[in-house]
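Here's a quick briefing to read alongside the sequence and the model. Have both open and follow along by topic.

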Amino acid sequence: MASSHNPSFRIYLILDGVETEISTEQTNLISFGRSDECDVVLDIQKASRLHAEIRIEEGQYRIIDRRSSNGTQLNGEPIDSAVLRAGDQIAIGSARIEIRPAVAQPSPRSAPRTQKPVEEKAKSAPVVGQKSGVPAQTRKPSLVKRRPTPLARLTDASLMLLLVLLMVLVAREYSLGPKKIHRAPGTISDPADQVTSAIDSTPIARPPDEGEVELALLEQELAAAEITWDSIGALRGIARRYPTSRAAVMCSDLADALEGLRLASEIERRQALDEMLAPLILDNRFGEADAIARFLSEVEGSAASKQYWRNRAVEIMSLARDGLKTVQEQVTSLLDARQPGEALRVIAAARYRFAGIPEYEQVFSELVEGVADVRLRDPRRREQSPREWASLLSLARRLMEECRYLELPPVLHRAVALDLPTEDRIDALEMLVRAASLSTMFSEFLEGASGGELKVELASGTTRVFQATSEGLTLEREIAGGKMIDKRPWPRVSSQERAILFRAVPHSLDGVMGMVFLAEAAWEVEGFHRALVNLHRRSRGKVLAGAILDRSRGGSLGTGGYEEFDGRLVTSLEKQQIIEKRRLRKEREREAIAQAKRLKKSNMIEAIIEFVLILREQGSFSLADRMLREIVAESDDAEQSSDARELLASSYLAEVPLRESGEATNRIDFFILGDGYQVEDEQQEMFLNHARTCEKLLFSVDPYREYEQYFNVTAVHLQSKDMGVSREPGELVKDTALGCSVRYDVLTTNGSKVFDLLSRLGDAGKDRQTVVIANDSAGVATGGGGVASLPKGALGLVNHEVGHSLAGLHDEYDYEPGQNPDKQPPPTRDDIVATRAAPPNLMHGSNKQEVEERVFWREWIEAEDRWWNGSQVGLFEGGDRKPFHVWRPQVSCMMRDNSGFCVVCMEHMVKVIYSRVRPIDRVDPEPGDLMLEKSTEDEVILKVWTLQPRTHDLEVTWHLLSFGLQRPDQAGDSSSGGTVVVDNRPGEPWRRAQSGTDPTGKTVQAAQIRAKDLEPGWHRVRCAVKDPTRWVLRDDQGLLQQQLEWWVEVRP
């Protein structure tokens, strides 16, 4: 219970240069924090909702930290709890709390005339931390004072000295006693006066006059130290109002003395402030120095001081103009040298020196426009990013992966200042925006989890966040009646777990944007739309949500904006389309039900089965399943219903082509399969959305994006009896189509079930390449042997896992994922590991010198001019889930941090693609013997359809080599026996050739062979196709090239 007490201390809050006294009356507890429930509201960074409190118990003041995120410091040292003493200083973020000894209260009579009454202050001054518009009836008004400086203390001492002098003078006057009354000599007196004059020296007591009373009151005010230089005017006022008073002369003398002291104090203060300003001027920080001088010219008391600081500001501006002129000359010379990137760096560096100066702001715009003009005029625009960009990008991605968001801005600011291609510059700016929002989101999570009471539902069950720091997490969950503590650094927390954790605390507008960017980076579709809806519901978030959605869709969809519908943001047109689609589906289902009734009456089971297959192709899986079950339930003949039973028992439902580039015989066919999705329409539609997202992600990254025409992609609807997949530990067993399971947070698929399904798909299944999407959560995706397994919340890992399943690439990260308690510890630095190659992308060995001698990517290390991604190629330790004795080619790679593939992995990926797909798609006519009659001027058009990469063309050359009238041995069929000598002469380039596209848009190369252009005899026409991609350094196997030959006989 609060009690009234006479405090021994006074508590002062110093925030943003303002000093405020915190009342301790009628309370034993004062709380500090960002929450409105706190006694002192600190709306600043690094302050928690309930940060700290001061308790007053038995005359002692105690500071207690309430498990805040950033801690509480007492006299510069972090504390949990401590007893306070006079002179202590408490730090909470940028706020300072000082403990001072209580001083004697002035008498009511000595209230200063220059200040408002206390009651009036209570109405006009806000309580510490009180928000605007909120009354503070329960708080005692605080007295705001300026924090004492050494100069102020000197002034106080001088005032006290003058007070002592004044009191000595007053005492001296009164020590002489009352004055005697003497009559002036030579005056005429009456008899009564003569009687009176007989008493010549009789003392008479006099009361003090009004001037002396005013002086006495002023003495009390000086004793209470409640006025400063205002006392000069008060003293002069006494002397002016009471010129006949005995105190008038004393007040004038004392005012003159104080005036001299004030002038000396102003000069000393001015010198001290000049000393503080000098380092800014010497450091060329003219903007800050000018702002300080102008501020002092407004707030200083005397006119002389105001004029001094105005003159000082003019001097600083003169220096700033000289410096700004130098910057302009530097930028101009760089622009003349066509170095806009370096010019932009000079401009950015100048902002630190000149920010806030009006001339600079004007010149800044002109300089930036000049850089833009040079960039637009410059025809030699750099196509490749500088090498530094690759290292900065790798560092930024690693920091984001490790949740080190606060370290991102300096890295990205440096990246923005580079001379980057437009696309890379946009990427850097977008990452900078994301970093700010993610940082806010992360800070708010740490604050929300600081109490140790936050509970979340992870895949492993209900989990309590025991501790959360910027380095990692400590989780606590119950297993078999006991509690298990799980400590994990942030890199080992899956993207899906992060989303669940960060979503468990309330967020500000910037924090919600961070949630949007977090889900977008992980391609967690449901989480992305959930966070967008949350952002859209905020009053200031509608425009932001629309802009983010526009960018994710590749452009604005109109001016109508978005609205919330079915848990997503859609345009009005999209909403109408969804409603119309549902209406058509219901209408189609009604028609299908009516058709099914008609077929049932006719008892034509075969026709019903055919109708069921049509329904499945249309996506009406629930209705088809219901019809099949009715056939089985109502049929008396098991043989007649066998087809229905077989369809119900089979997991296969239907196929939906997502990407059709050509015939399966010369394409890599990918199949996206779903496991743990039941037959209901809602779940199958969810799978199809996941499949489309997965396909979009796969072809958003090279080399899949560059060679997208080399792939076909098909989504295969499968039905599982149970929703979700099996889990261990927990012994949760699910009956699913592909037997997916999560063991200690690692997702795997039953490969035999996958390949058994592919065997039913004909030629398209020959490539045995699949992506399995599990309708469940897991921390670790897997890939290998033609099967990539992804949980639905981690589709963004598809490129990494297909790197395993398609190309056999090894992991390049250096830790063992998952929560298996039996996993082996990684090797230590002191272990001895034999040197060996681990193709296609790693080397093993503890002796780095031996590894350097035997590294199989030596050619890439030496081909510095071919490092197309701008990143150094060498030996970088860490890979294959081990931190030591494993070496990778580059710092960053898709197989390490989900960035782009490194040069070695990319080369291998391209070769794998060409080992399955030939660059020539089809020809007309087929290679072989052709005959032309010269007499009739016969001719033939040889056509070759080639595959077309996305951003470059294949090299196609035509050569003709003429032989005599005798048929060459290698022409036609040479299987009849005898020795065949192959003539490898290339021949002469054939000029009558060109390229174009056919009516379907396919690239076609054509050569016109005319009899009149050739001599009679045999001629070999050779078409050579080659991919000149920069991603392949050497092609010893000839995978990236193909040749075709025709033998043309020209008869007379």
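Let's start with strand S28 (residues 842-844) and strand S30 (residues 882-888): two bridges join them, and they run antiparallel. His844 has Val886 in S30 as its bridge partner. Strands and helices here are DSSP runs numbered from the N terminus, with at least two residues (E) for a strand and at least four (H or I) for a helix; two strands pair if DSSP finds at least two bridges between them.

This is a predicted model, so to speak: local features need pLDDT of at least 70, side-chain atom pairs count only at pLDDT 80 or more, and totals for chains, interfaces and linings use all residues. Residues are numbered from 1 along each chain as its sequence is written, and side-chain values use heavy atoms, with hydrogens and water left out.

**The sheet around S28 and S30**

- Four strands make up this open sheet, in the order S27-S28-S30-S29, with antiparallel pairing.
- Strand S27 (836-838) and strand S29 (876-879) sit at the edges with a single partner strand each, so one side of each has no neighbour in the sheet.
- From one strand to the next, the twist averages 50° (angles run from 0 to 180 degrees between N-to-C directions, and axes are lines fitted to C-alpha atoms, for helices over the stretch in contact).

**A second open sheet**

- Here the order is S31-S33-S37-S36, four strands again paired antiparallel.
- The edges are strand S31 (920-924) and strand S36 (993-997); each has a single partner strand, so one side of each is left without a neighbour in the sheet.
- The twist in this sheet averages 25° from one strand to the next.
- S31 is joined to strand S33 (residues 939-946) by four bridges, and the two run antiparallel; Val923 has Val944 in S33 as its bridge partner.
- Another cis peptide bond runs from Asp924 to Pro925, with omega near -5°, and Pro925 lies in the loop between S31 and strand S32 (929-933).

**Helix packing**

- Helix H15 (residues 509-522) and helix H16 (residues 525-537) have axes that come within 8 Å and cross at roughly 160°.
- H15 and H16 are therefore roughly antiparallel (that label goes to angles over 145 degrees).
- Their contact (heavy atoms within 4.5 Å) involves residues including Leu509, Val512 and Met513 of H15 and Gly527, Phe528 and Ala531 of H16.
- Sorted by class, the H15 and H16 contact has 10 nonpolar, two polar and one charged residue (Ala, Val, Leu, Ile, Met, Phe, Trp, Tyr, Cys and Pro count as nonpolar, Asp, Glu, Lys and Arg as charged, and the others, Gly among them, as polar).
- Helix H14 (residues 495-503) packs on H15 at about 165°, with the axes 10 Å apart, and H14 and H15 are therefore roughly antiparallel too.
- On the H14 side, Ser495, Arg498, Ala499, Phe502 and Arg503 meet Met515, Leu518 and Ala522 of H15; the classes there are five nonpolar, one polar and two charged.

- Most residues other than glycine have a negative phi.
- Asp745 has a positive phi, near 75°, and is in the loop between strand S22 (741-743) and strand S23 (746-748).

Technical notes:
Parallel < 35°, antiparallel > 145°, perpendicular 65-115°, else oblique.
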